[in-house]
Amino acid sequence: MKKEQIGLGIVSTALLVLVATPTPSWICYPIALVGLGVILHTPGAKKAGGTQEDHQFKDANGDIVKYNTRYGLLTKAERSFYGVLESVVPDDLVIMSKVRIADVLVACKTLHTNDKRRLFTKISSKHFDFVLCKKTDLSFMAAIELDDSSHQRKDRIERDKFVNMACASAGFPLYHCKAKYAYQPEELRSIVFPQEEPQLQEG
């Protein structure tokens, strides 16, 4: 008999004795608590929320598979930037975030296979912070990098140099914006849309 069933039996018996006999409650209650303790300490017993903490997923090799979800797609700094960027982007564009560079850029078909493979490997694990796309067909228009203090590290400097070169070779606009506590819409607009002509005010 499983421990969970034994514990349930102890609790039931204690309650039955309490109701059907003149046995004092101070005797029945401790017995019921013992039964409850057996149930709660049974391996695999469900805890609050209905989850089984010891339940494990395993892959085909028998290795444990266990993940947690992140808080969200963007960090607080990226979310702050996104809010201002959204206010300055024209209605015919949409903002995509965390876009893999290899999904935007592709090595030229005329290159040797080894070169194409090498260039793909260089960008396959990298991503743009934000990408602007046409709303009609989601074609790529430009990419935006939010440069925080991590971009001052040597490895990130080398990474940024290569990404800049890759975008320049494809003729694809890439804009760098320094991470700040707060952003001014006009300042951000001048960075992302530097060739946009000011509109004349009527009247």
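**Pockets and selected residues in a predicted model**

D160 lies in helix α5; helices (H or I, at least four residues) and strands (E, at least two) are DSSP runs, numbered from the N terminus. The structure is a predicted model, in which local features need pLDDT of at least 70, side-chain atom pairs count only at pLDDT 80 or more, and totals for chains, interfaces and linings use all residues. Residues are numbered from 1 along each chain as its sequence is written, and side-chain values use heavy atoms, with hydrogens and water left out.

D160 has a relative accessible area of 9% and is therefore buried. Buried here means under 20% relative accessible area, exposed over 50%, and partly exposed in between (1.4 Å probe, protein chains only). Leaving aside residues up to four places away in sequence, D160 touches E145 and H151. Contact means heavy atoms within 4.5 Å.

The protein chain has six helices and six strands. From the N terminus on, its elements run α-α-β-β-α-β-α-β-β-α-β-α. The chain holds 203 residues, and buried residues make up 26% of them. Among contacts with a separation of 6 or more, 62% join residues 24 or more positions apart.

Pockets were examined next. Rolling a probe the size of a water molecule over the atoms shows where empty space is left. The search used a 1 Å grid over the protein atoms alone; a pocket is an open set of points where a 1.4 Å probe fits, with protein on both sides within 12 Å along at least five of seven lines, and lining residues have an atom within 4 Å of a point. Grid points are joined across faces, edges and corners, and a volume is the space filled by probe spheres set on the points.

The largest pocket holds about 330 Å³ of space. It is lined by 15 residues, of which V106, A107, L119, A166 and S169 are the closest to its centre. Helices α4 (113–123) and α5 (154–170) each supply at least two residues of this lining. Helix α5 gives the most, with five residues. By class, the lining of the largest pocket has 13 nonpolar residues, one polar and one charged. In this scheme Ala, Val, Leu, Ile, Met, Phe, Trp, Tyr, Cys and Pro count as nonpolar, Asp, Glu, Lys and Arg as charged, and the others, Gly among them, as polar.

The second largest pocket has a volume of about 250 Å³. Of its 16 lining residues, E78, H127, D129, H151 and R156 are the closest to the centre. Two or more lining residues come from each of α3, β4 (127–134), β5 (140–147) and α5. The lining of the second largest pocket divides into eight charged, five polar and three nonpolar residues.

E78 belongs to helix α3 (residues 76–88). Its relative accessible area is 10%, so E78 is buried. A polar atom of the E78 side chain lies 2.9 Å from the backbone nitrogen of T75. Not counting residues up to four places away in sequence, E78 touches L73, K98, D129, F130 and L146.

K98 is placed in strand β3 (residues 93–100). Phi of K98 is near 55°, a positive value in a residue other than glycine. K98 is partly exposed, because its relative accessible area is 30%. L138 also has a positive phi, near 60°, and is a residue other than glycine. L138 sits in the loop between β4 and β5. At 43% relative accessible area, L138 is partly exposed.

I144 lies in strand β5. Its relative accessibility is 0%, so I144 counts as buried. Beyond residues up to four places away in sequence, I144 touches F81, L85, D129, F130, L132, L174, Y175, C177 and V192. I144 and D129 are 15 residues apart in sequence, and 6.2 Å separates their C-alpha atoms.

S190 is found in helix α6 (residues 185–192). With a relative accessible area of 45%, S190 is partly exposed. S190 and V88 are 102 residues apart in sequence but 9.8 Å apart in space, C-alpha to C-alpha.

Conventions. A polar contact is a pair of N or O atoms within 3.5 Å; within protein, one must be able to donate a hydrogen and the other to accept it, and residues adjacent in sequence count only if both atoms are side-chain atoms.
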